[in-house]
Amino acid sequence: MNTVIITGASRGIGHATAVRFLREGWRVITCARAEVPPECKMDRNWSAHFPVDLSDPNAIDAFARQVLEHLNGDPLHALVNNAGVSPKTSFKERLGVLNGAIDRWRSVFELNFFAPLRLARAFATPLSKSKGAVVNITSIAGHYVHPFAGSAYSTSKAALSGLTREMAVEFAQLGVRVNAVAPGEIKTEMVSSEYEALIPRIPLDRMGSTDDVASCVYRLCTEEFAYVTGTEVFVTGGQHLL
Ligand SMILES: NC(=O)c1ccc[n+]([C@@H]2O[C@H](COP(=O)([O-])OP(=O)(O)OC[C@H]3O[C@@H](n4cnc5c(N)ncnc54)[C@H](OP(=O)(O)O)[C@@H]3O)[C@@H](O)[C@H]2O)c1
């Protein structure tokens with residue numbers, strides 16, 4: 001049985017991705033600060049969920065140790081770095097160059113950029129055993145100035161896109177593929193109703209669903225994409241073209 005680790009699976013895109021992998025018969029290991037909904041735990045292939053704050057490097061080390069123990073020497077077929085935050089200041093503004101505490105930029109980068117880096121390194125050996133795949137969830141905001149995303153978020157995602165490129169070449173030596181999926185406007189708790197105003201800028205004329213992202217992530221982790229590494233797939237309904 002194939003095994004995947006998905007971060008940030010308590011809701012949103014991460015949760016939909018976990019459900020997709022389960023449907024395809026994979027063993028799923030997840031984490032988030034919160035528990036997953038109880039009905040998910042009834043699926044015996046959802047073999048473990050670890051509550052962890054991935055913006056804390058020490059907590060990541062402890063999480064990686066727990067997962068490696070859980071794997072017990074088994075190969076890992078995929079790692080999906082999905083957990084992320086788009087922070088607002090106490091005035092509900094997006095964290096930018098001119099507003100918000102600079103220290104908050106560090107915690108955004110810890111979660112959105114350093115956690116994927118730390119986890120990829122921690123799981124490189126079990127991933128190499130299966131010639132597995134890493135998928136980093138980036139964002140359209142890492143490529144274009146977005147009306148509602150702050151600079152802290154956008155630059156952390158731009159850095160993750162760059163890391164995907166670099167990791168693809170380093171991990172190729174291990175036989176591990178590394179790709180990114182860049183969502184546009186996806187209906188989750190991360191986006192508010194103001195995002196509906198962006199629909200006229202989306203060629204496919206609708207917001208995306210969590211399943212739209214999950215299916216792309218899943219396919220990138222399969223053998224059908226065995227010769228694809230270092231790419232970033234825009235799941236944006238064409239929004240990145242305008
Ligand atoms: N929704 C969009 O339109 C959109 C667009 C572009 C990119 N993205 C990216 O897609 C990914 C998922 O977004 P989403 O919309 O599904 O977000 P979401 O609904 O806010 O879910 C985020 C997930 O990450 C977990 N998480 C947050 N902070 C964490 C932490 N410190 N440690 C561990 N887990 C943490 C959350 O669980 P807990 O709160 O329980 O920890 C939750 O499971 C993110 O990387 C986001 O940047 C989303």
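**Reading the terms in this model**

Colleague: Why is Lys131 called exposed?

Modeller: Lys131 has a relative accessible area of 53%, and since exposed means over 50%, buried under 20% and partly exposed in between (1.4 Å probe, protein chains only), Lys131 is exposed. This is a predicted model, in which local features need pLDDT of at least 70 and side-chain atom pairs count only at pLDDT 80 or more, while totals for chains, interfaces and linings use all residues. Residues are numbered from 1 along each chain as its sequence is written, and side-chain values use heavy atoms, with hydrogens and water left out.

Colleague: Where is Lys131, and what is its phi?

Modeller: Lys131 lies in the loop between helix 5 (124-129) and strand 5, helices (H or I, at least four residues) and strands (E, at least two) being DSSP runs numbered from the N terminus. Its phi is positive, about 50°, although Lys131 is not a glycine. Most residues other than glycine have a negative phi.

Colleague: What makes Asn72 count as exposed or buried?

Modeller: Asn72 has a relative accessibility of 66% and therefore counts as exposed. Asn72 sits in the loop between helix 3 and strand 4, and has a positive phi of about 55° although it is not a glycine.

Colleague: What makes helix 1 oblique to helix 7?

Modeller: The axes of helix 1 (residues 12-23) and helix 7 (residues 210-220) come within 8 Å and cross at roughly 55°, where axes are lines fitted to C-alpha atoms, for helices over the stretch in contact, and angles run from 0 to 180 degrees between N-to-C directions. Under 35 degrees counts as roughly parallel, over 145 as roughly antiparallel, 65 to 115 as roughly perpendicular and the rest as oblique, so helix 1 is oblique to helix 7.

Colleague: Which residues make that contact, and of which class are they?

Modeller: With contact meaning heavy atoms within 4.5 Å, the residues include Ile13, Ala16 and Phe21 of helix 1 and Val213, Val217 and Tyr218 of helix 7. By class, the contact has seven nonpolar, four polar and three charged residues (nonpolar being Ala, Val, Leu, Ile, Met, Phe, Trp, Tyr, Cys and Pro, charged Asp, Glu, Lys and Arg, and polar the others, Gly among them).

Colleague: Why do strand 3 and strand 7 stand at the edges?

Modeller: The open sheet of seven strands has the order 3-2-1-4-5-6-7, with parallel pairing. Strand 3 (46-51) and strand 7 each have a single partner strand, so one side of each is left without a neighbour in the sheet.

Terms used:
Pairing = 2+ DSSP bridges.
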